Amino acid sequence: CVLDDMCAAGDTLMAGLTLSITGRASFASSQIAAGPLDFNDVRSVNLTDYKGAVTIGGDVESFTSNSLVSLSVDALTKIETVDVTGVVDPDATAAADKLGPAINLDTLGDLETVTIAGIAASVNLGTNNNLTTVTISADVSGGITIDNNSDLTSVTVTGATASALDVDTNADLTALTVDLTWGNSGTGTTVDGDLDVTGNTSLETLTVSSDGLENLEVTANTALATLDF
C-alpha cells in the first residue's frame, strides 16, 4: 500500500504524519513530506523528499535521506551506514534554524560509513570504534569534529565548507588531505579557518590546500613524516 500525508478528503496534512515504525525489514517513502518519524528495529530506512524530524533507535542498520532537517540517533542503535543530504527546514523561522541539521553521530559502536552532503549546522563524529570511512561535502556553518575513532582510515572533505576542522586521536588514520573551504554557510561569508590535527598516532602524511588559516595546531602525531601546505 501507499502511505502519504493526505487526509481522506485529499488535502495535505499541515503537520504531516506522526509515525512510529517498529520491526520492519525496510521502510522507504517518497510520499510523506513532514511530521516526526521514529524508527526502531527497521533494518533499512530510505526517505526521499521528507523534511521532518527523524529519530533512529534499535536495530536500524542503514539510514538514507536526501532532504534531512533533523536527526536524533539513540546511542545504543546498531546503525552501520548513514548517507544524508541536509536541507533547510521549510518550517524554520529563526535564522539559526535555517542552517541545516546538527549531525551528531557519537558513540555508535557499529557505525562504519558516513556520507554527508547539502548543508549542516555542525558535524560531530566521535568515539565510533568501527567507523572506517567519512565523506563530507556539505556546507557546514559551524565546525566539523572527527575524533577518537579507532578504526578510521579514510576522511574526505573535498567540496565541503566549514569554519573549523578537528581531526584528533584517530589511531588508524595514515593520511589526511584538507581541501575544504573555510567559511560560514549561514552568512555566506569567508572566514579564517581553524585546523586542529592532534594525536593521530598512525598519521604519516598531512596535505593542506585550504587557504586562510587563522589557527593551526598539528601536534602529537607521532608517525608524521610528510607535511605539504
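This is a predicted model: local features need pLDDT of at least 70, side-chain atom pairs count only at pLDDT 80 or more; totals for chains, interfaces and linings use all residues.

Q: Which residues make the nonpolar surface patch?
A: Leu216, Leu227 and Phe229 make a patch of about 320 Å². Patch members have over 30% relative accessible area and no salt bridge, and nonpolar side chains (Val, Leu, Ile, Met, Phe, Trp, Tyr) are joined within 5 Å, like charges within 9 Å. A salt bridge here is a side-chain nitrogen of Lys or Arg within 4 Å of a carboxyl oxygen of Asp or Glu. Areas come from the Shrake-Rupley method with a 1.4 Å probe, and for residues only the protein chains shown count as cover.

Q: And Phe229, buried or exposed?
A: Phe229 is exposed, because its relative accessible area is 52% and exposed means over 50%, buried under 20%, and partly exposed in between (1.4 Å probe, protein chains only). Phe229 lies in the segment after strand E24 (226-228); strands are DSSP runs of at least two residues, helices (H or I) of at least four, numbered from the N terminus.

Q: Turning to strand E3, how buried is Leu37?
A: Leu37 lies in strand E3 (residues 37-40) and is buried, with a relative accessible area of 3%. The C-alpha atoms of Leu37 and Ala53 are separated by 6.3 Å, although these residues are 16 residues apart along the chain.

Q: Where is Leu99?
A: Leu99 is in the loop between strand E8 (81-86) and strand E9 (102-104). At 22% relative accessibility, Leu99 is partly exposed. Its C-alpha atom is 6.1 Å from that of Ala120, 21 residues apart along the chain.

Q: Now the backbone: which phi does Asn148 have?
A: Asn148 has a positive phi of about 60 degrees, although it is not a glycine. Most residues other than glycine have a negative phi. Asn148 is in the loop between strand E14 (143-147) and strand E15 (154-156), and is partly exposed at 37% relative accessibility.

Q: What about Thr169?
A: Thr169, also not a glycine, has a positive phi of about 50 degrees. Thr169 is located in the loop between strand E17 (164-168) and strand E18 (175-178).

Technical notes: Residues are numbered from 1 along each chain as its sequence is written. Side-chain values use heavy atoms; hydrogens and water are left out.
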